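Me: I am new to this structure. Can you show me how to read its features, one at a time?

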Amino acid sequence: MTAAVDKAAPVAANRERARSLAMLAAIWGVLALAPFWMPYLGGYTALGTRVLVLGLGAMAVNFLLGFTGVLSFGHAAWFGLGAYGCGLFLKFIAHSTPLSIVAGTLLGGVMGAILGALIVRRRGVYFAMVTIAFGQVFYYIAFQWSSLTGGDDGLRGFQRAPLDLGFTTVDILYNSTAFYYFVLICFAAAAAVMGFILRSPFGRTMLAIRENERRARFLGIPIELHIWIVFTLSCFFMAFAGSLYALVNNFADPLGLHYSQSGNFVIMAVLGGMRKFWGPLLGAAVFVVLQDYVSSLTVNWQFFIGLLFVVVVLFFPRGLLGFFQQRVQS
Amino acid sequence: MTLLRVENASKKFGDLVAVDGVSMTVEPGELRAVIGPNGAGKTTFFNLISGFLTPSSGRIVFDGEDVTKLLPARRVWRGMARTFQITEVFPELTARENLRIAVEVASGYRLKTWLSRDADGEVRARVVDLLDMSGLVDKADRLVGELAHGDQRATEIMMALALRPRLLLLDEPTAGMGDKETYDITQLIRKLHKNQNLTIVLIEHDMRVVFHLADRIMVLAEGAMLAEGTPQEIAANEAVQTAYLGKAA
């Protein structure tokens, strides 16, 4: 009996490992070949780029929501700050794509770290409300400070610079495939860091806080410190995604800071499956493609996103990815 | 040296005095039971010791240091671990993962993003030790939320033990359990107490468990200490019998 149990456990673990490796290979294969298969399905490369960038934003929200159990409803603030930081750097300081990404990421990440320190004692609805308020503060600053940000019209007048690799220069401005791969490399780097953290002892304290805050506290985990660190990391990832978003559009928009944008990120995470690492990417893909397709038919595209969201929450509480994985397993 | 000294601790919630000037000293290696009728203030008293609540007045001295104002996590770092009346575990993680988190935190790895092969091996070995000790080996890779109540409770106790505490506080370890589970948990606590010479303070309703385990018993009633002594002394104490059986007795 015990022998059977001893043998069964590694077999199940191996099968589990094989399955997750297969899934990883499939995800990276689909992403790496996107510029080749997308046109056949009526897509275009820039759409794939948008999915990656918004997917990364949704994964950053989910880093906090799905793995630590903390809901921020104002994460667009850090996304938008990243976009403005990146755009302003390109427009006024230097014509360098990598440095503009660093600038945007630092602006959003550092602001997130400072404001996060003020609110980590709040929980649940109170935390979510305060994050909405922060987001709206930045929205109104971007909206009103026209001389710097372009106000309601958004920030224009900057373009992504060609990548100088030393031995050669890559045109990522007009060559959309080259830009897609540039964004994919950035995405892969951020996703690798996230995955690495989640598999570490620190990552497990995140799960502990999500699962049972009281137990975590009485294991000797200083909850507020850990939530602040996760919040800060999540803001940096968010600002990184925001910087890329400014490069995608060569434009930064005050609506990128608005709480409705924060809500979209949460919707993507929940739609795809917030307990799953890759769930938010799937959610973003569905969201972006649906938006692109339905908005060409009707201006009321949000109605259909809302409908899908309700169906998923009611019938597939583990999200689309959770649902598919369950189907594969059974 | 005395491990835990509670000096005249009180806790008021508005007009209600939940704990009223209770003192207690616990020596190293002792197993102390705290008993009393419902609403006697046992859990509140526990919460004062573990830092879940701060006393309105009085002092908590742990290992010679005044910890009255310390946050719970800091008391844990000094060697105090506790379980709760309603089992507090990480339900959507496996028993192994539950213990792993406790072992990693106890080893000072909670902020680490990477473990060396050696450190990782030590953590795994310690988790297996704890699983062996508690008889959870067969269920190690099942989600704790799906385990039987007794196994969840054992997981919680082993998580507290993973912290290598010098004082273990158990709030009603056999609450809501059947006879078999009660027996198993009692044996586990007895084993920890005897084999590791662990100092334990526990709240318990089941008198068979209390008289089987405790070196000394403290009785609380209406927030105040009613009696204290060996199990034999407490069994013979008339005031205790009155408190438990009502004034008619």
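Predicted model: local features only at pLDDT ≥ 70, side-chain atom pairs only at ≥ 80, totals over all residues.

Me: How should I read the crossing angle of roughly 120° between α3(B) and α4(B)?

Reply: Two packed helices are described by the angle between their axes and by the distance between the axes. Angles of 65 to 115 degrees count as roughly perpendicular and those over 145 as roughly antiparallel. The angle here is roughly 120°, so α3(B) is oblique to α4(B).

Me: Is the crossing of α3(B) and α4(B) left-handed or right-handed?

Reply: The crossing of these two helices is right-handed.

Me: Which residues of α3(B) and α4(B) meet?

Reply: From α3(B) come B:Arg96, B:Leu99, B:Arg100, B:Val103 and B:Glu104. They meet B:Val123, B:Arg126, B:Val127, B:Leu130 and B:Leu131 in α4(B).

Me: How is chain B divided into domains?

Reply: Domain 1 covers 6-88 + 164-245, and domain 2 covers 93-142. Taken over C-alpha atoms, the centres of these two domains of chain B are 28 Å apart.

Me: Which residues touch the most other members of the largest nonpolar core?

Reply: In soluble globular proteins, nonpolar side chains tend to be buried together. The largest nonpolar core here has 166 residues. A:Leu219, A:Phe237, A:Ala241, B:Leu99, B:Ala102 and B:Ala162 touch the most other members. Helix α11 (residues 223-249) of chain A gives the most to this core, 16 residues.

Me: What is A:Ala241 in contact with, beyond its neighbours within four places in sequence?

Reply: Its contacts are A:Val53, A:Leu56, A:Gly57, A:Ala60, A:Phe79 and A:Gly82.

Me: How many residues of chain A are in contact with chain B?

Reply: 21 residues of chain A are in contact with 27 residues of chain B. On the chain A side, α1 (2-32), α8 (176-198), α9 (201-211) and α10 (213-217) each give two or more residues. The largest share, 7 residues, comes from α9(A).

Me: Where does B:Asn197 lie, and is B:Asn197 buried or exposed?

Reply: B:Asn197 sits in the loop between α6 (179-196) and β8 (199-203) of chain B. Its phi is positive, about 55°, although B:Asn197 is not a glycine. B:Asn197 has 10, so B:Asn197 is exposed.

Me: What about B:Arg164?

Reply: Phi of B:Arg164 is also positive, near 50°. B:Arg164 lies in the loop between α5 (149-162) and β7 (167-171) of chain B. With 14 other C-beta atoms within 10 Å, B:Arg164 is partly exposed.

Technical notes
Residues numbered from 1 in each chain as written. Chains lettered and ligands numbered in written order. Domains from an automatic or database assignment. Core = buried A, V, L, I, M, F, W, Y, C linked by C-beta atoms within 7 Å. Buried ≥ 20, exposed ≤ 12 C-beta atoms within 10 Å, placed from the backbone. Helix = DSSP H or I, 4+ residues; strand = E, 2+ residues; numbered from the N terminus. Contact = placed C-beta atoms within 7 Å. Axes fitted to C-alpha atoms, helices over the stretch in contact; angles between N-to-C directions. Parallel < 35°, antiparallel > 145°, perpendicular 65-115°, else oblique. Left-handed = near helix turned anticlockwise from the far one by under 90°.
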